[in-house]
Amino acid sequence: MPTGANIRQALRSAIASTSSPNDAVFFHFSGHGTRLPPANARPNAQLSPLDYDECIVPCDMNLITDEDIFEIVESLAEGVRFTIVADCCHSGGLIRYEKEQIGDSFTSQMSWLQRVSCNNSTDKTYEKEESITDRGKKRKETHVGFGRSLPLPALLHIIREKTKAKHTQLSNIRDVLVMNFKDESSAKFRRSMDLFAGICFKKPKQCQDQEICSSTREPSHYLKECDAKTSHVRNHQNLPSKGVLHNNAAILLSACQAYEVAKDITPVSPHKDMKSRSTRCKFGAMSYAIIAVLSQLDPSMKLTNRQLVMQTKSVLLEEGLSQQHPGLYCCDEYVDVPFICN
C-alpha cells in the first residue's frame with residue numbers, strides 16, 4: 001500500500017542500492033497533493049508559495065513534505081541522478097533548492113492574489129472543454145475531471161477520520177501527524193515539535209528569554225520561530241553549488257506550478273498512437289501526457305528533460321488544460337540531458 005512509511009522506505013531502499021555515477025533513481029507519484037500554510041498563519045492571510053509546505057498525500061495521510069524529499073535526495077551517492085515526476089497539485093514546489101528552469105512558481109512578478117484569482121476557475125469539480133488542435137484537425141471534446149488537490153477543510157476532515165484526533169486544526173495538524181505516525185512522520189514536523197517542546201518546557205532559570213518562559217499558554221505565538229529554526233531559506237535561483245545537493249542531482253518534472261491544481265482527464269479518444277488504451281480510462285493528466293509523448297517517440301531518439309516538459313505542455317493544451325502548466329526544476333547541466341538516463 002502507498003502509505004507514507006512505505007513510500008519513504010521504497011525511496012530509501014532505491015537510493016541505498018545505487019552507488020555508480022551511471023545509476024539513476026526514478027520516482028513517479030500520481031495522486032493527491034496539498035500544501036500547508038504556516039501553523040501560525042492568520043485566516044485570509046496573503047501568503048506566497050514560499051510560505052507553504054508542499055506535500056504529497058499517501059493513502060494513510062502521513063504527509064511527505066518537500067523537505068522530506070530533499071533530505072532523501074541528500075543521501076544520494078556522488079553522481080547518481082534522481083528524477084521525480086510529480087503528477088499532483090502544487091507539485092512545482094515539491095523539491096526545495098533546485099533551480100526553476102520551466103515555470104513561474106517562485107520567479108514571476110505576478111502577485112499571489114492575481115494567481116489565486118486566475119486559478120479559481122480550475123476549482124470546478126467537473127467541466128467539459130473544447131480545443132482546436134494543430135494542423136486543422138476537428139474539434140474534440142475532453143472530459144476534465146476532479147482536481148488532484150485536497151482543499152484544507154477536506155484534508156482536516158480526512159485526517160480526523162484516519163487518526164481519530166477530532167481536535168485536529170490547521171494550527172496543530174503537524175503535531176497530530178507526528179503523534180500518530182511517530183518516527184515515520186515528516187522529519188520537518190518532528191523537528192518543529194521537538195523544538196517547540198524544548199522552548200515551552202524549559203525551566204525559568206535555564207531560559208534567558210523570560211517572555212518565552214512566561215507565555216507557554218499561547219503556543220501558536222512561537223510556531224513561526226520554530227519553523228524558521230528548522231527550515232532553510234528557499235532560493236531556487238542562486239543556490240550555492242556545494243554543500244546542499246551532490247552535484248544538484250535532483251530533477252523534478254511537475255504537473256503544475258506551486259500555486260496551481262493538477263487535473264484528472266478521461267480522453268474521449270486515445271491520443272494518436274495510444275490505440276490500445278481504453279477510451280474511457282481515467283488518467284492523471286500529466287501522466288497521460290507523458291505516456292502520449294513517449295509512445296510516439298522513435299526508440300532511436302533521445303528526449304531531453306526540457307523537450308519532454310514542453311511536449312507534455314502541448315498535449316495538455318490539446319486536451320483543453322490551458323490552466324495547468326508543467327514545470328522543470330534542476331540544475332543547468334540537466335536541462336538538456338536525456339530524460340531519466342543517458
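**Salt bridges, sheet and cores of the predicted chain**

With a relative accessibility of 28%, Arg-191 counts as partly exposed, where buried means under 20% relative accessible area, exposed over 50%, and partly exposed in between (1.4 Å probe, protein chains only). The structure is a predicted model, in which local features need pLDDT of at least 70 and side-chain atom pairs count only at pLDDT 80 or more, while totals for chains, interfaces and linings use all residues. Residues are numbered from 1 along each chain as its sequence is written, and side-chain values use heavy atoms, with hydrogens and water left out.

The side chain of Arg-191 meets that of Glu-67 in a salt bridge (3.1 Å, N to O), a term that requires a side-chain nitrogen of Lys or Arg within 4 Å of a carboxyl oxygen of Asp or Glu. This pair links distant parts of the chain, Glu-67 lying in helix α2 and Arg-191 in helix α6, 124 residues apart; helices (H or I, at least four residues) and strands (E, at least two) are DSSP runs, numbered from the N terminus. Glu-67 is buried, with a relative accessible area of 2%, and it belongs to a helix, α2 (residues 66-74), in which 7 of 9 residues are buried. Among the buried residues of α2 are also Asp-66, Ile-69 and Phe-70.

By the same rule, the count of salt bridges comes to 9. One of them joins the side chains of Lys-188 and Asp-53 (2.4 Å, N to O), and it connects helix α6 (residues 187-200), which holds Lys-188, with strand β3 (residues 53-56), which holds Asp-53, across 135 residues. Both Lys-188 and Asp-53 are buried, and together with Arg-174 these residues are linked in a network of salt bridges. In a further salt bridge, between Glu-161 and Lys-166 (3.6 Å, N to O), Glu-161 counts as partly exposed at 40% relative accessibility, whereas Lys-166 is exposed, with a relative accessible area of 54%.

β6 and β12 pair in the antiparallel sense over 2 bridges, and Ile-102 has Leu-328 in β12 as its bridge partner.

Leu-328 also figures in the largest nonpolar core, where, of 31 residues, Leu-253, Leu-308 and Leu-328 touch the most other members. Such a core is a set of buried Ala, Val, Leu, Ile, Met, Phe, Trp, Tyr and Cys residues joined through side-chain atoms within 4.5 Å. Two or more residues each come from β9 (250-254), α9 (285-295) and α10 (305-318), with α9 giving the most, namely 7 residues. Apart from this core lies another, of 25 residues, including Ala-86, Leu-94, Phe-106 and Tyr-329.

The mean pLDDT of the chain is 75, and 68% of its residues reach 70 or more. Among the elements, strand β12 (residues 327-329) has the highest mean pLDDT (95) and strand β7 (residues 127-131) the lowest (29). Over residues 116-141 the pLDDT is below 50, although this stretch has 47 contacts in the model beyond near neighbours in sequence, a contact meaning heavy atoms within 4.5 Å.

Key:
pLDDT is the predictor's confidence in each residue, from 0 to 100. Two strands pair if DSSP finds at least two bridges between them.
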